[in-house]
Amino acid sequence: MLCAILCLSAQDSTQVFRFGYISYEQALRSMADYAVVQQSMADLRAQYDAEQKRVEQDFNLKYEEFLEGQRDFPETILRKRQTELKQLLEQNVAFRNKSRQQLSQAEAEAMAPLKEKLAAVLAQIAQERGYAFVLNSDKQAVTFVNPAMGEDITELVITSLQK
C-alpha cells in the first residue's frame, strides 16, 4: 500500500502545472467604472480636506485669541480656555483619524464590485485555459516566469473586462 502511495506521489510530482499571470493594477485601472470610483473618492477626500481645514482655522483663531488675552485672564478663565483648546485639539486629531478610516472604508466598498468582476473574469479565463492558478505580477511579486508553463493574460483579461 505504501508503495502504491509513493508511486502516485511520484506521478503527481511530474505533472506540469500551467498558470497565468497578470498585472492586477493594470487590469483594474482598465475597467470603465474605475475612473468613476477614483473621481468619487477624490470628491469625498476634498470634502474631508475642506472640513479639516475649516476645523484647523477655527482652532488657530481660538488659539490666537487665547495668546492675545492670556496675560489679562484671571486664573480660572485661563485654565478654562486652556482646557477648551486641549479638547479642540483632541477633537481635531480624532476627526482626522476617523476621516482616514472612513475614506479607507469608502474606497474599499466602492472598489469591491470592480474587484469581484475582475475575480470572476480571472476565474473564467483560468478555467478555460486550464490554469492551476493565476499570479499577480505587480510590484515584482513574480521575478521569473517560465514561458513554457506561465502565460501573461493581462491583455486577455482587459479585453474581457471591456465587453
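Start with the sheet: select β1 (19-22), β2 (133-136) and β3 (150-152). These 3 strands form an open sheet in the order β2-β1-β3, with parallel pairing. Its edge strands are β2 and β3, each of which pairs on one side only. Direction ignored, neighbouring strands here are turned by 30° against each other on average, with axes taken as lines fitted to C-alpha atoms and angles running from 0 to 180 degrees between N-to-C directions. Two strands count as paired if DSSP finds at least two bridges between them. Helices (H or I, at least four residues) and strands (E, at least two) are DSSP runs, numbered from the N terminus.

The model is a predicted one, in which local features need pLDDT of at least 70, side-chain atom pairs count only at pLDDT 80 or more, and totals for chains, interfaces and linings use all residues. Residues are numbered from 1 along each chain as its sequence is written, and side-chain values use heavy atoms, with hydrogens and water left out.

Next, show β1 with β2. The two run parallel and are joined by 4 bridges. Pick Phe19: its bridge partner in β2 is Phe133.

Move to helix α5, residues 154-161. Display Thr154, Val157, Ile158 and Leu161, which are buried (under 20% relative accessible area with a 1.4 Å probe, protein chains only; exposed is over 50%, partly exposed in between). They lie on the same side of α5, because they cover an arc of only 100° around the axis, the arc being that of the directions from the helix axis to the C-beta atoms.

Now select Lys139, in the loop between β2 and β3. Lys139 counts as exposed because its relative accessibility is 76%.

Finally, zoom out to the whole chain. From the N terminus on, its elements run α-β-α-α-α-β-β-α. The radius of gyration is 28 Å, well over the 15 Å that the globule rule gives for 163 residues, so the chain is more spread out than a compact globule. This radius is taken over C-alpha atoms, and the rule is 2.2 Å times the number of residues to the power 0.38. Along its principal axes the C-alpha trace spans about 90 × 45 × 25 Å. Buried residues make up 25% of the chain.

Definitions and conventions:
Contact means heavy atoms within 4.5 Å.
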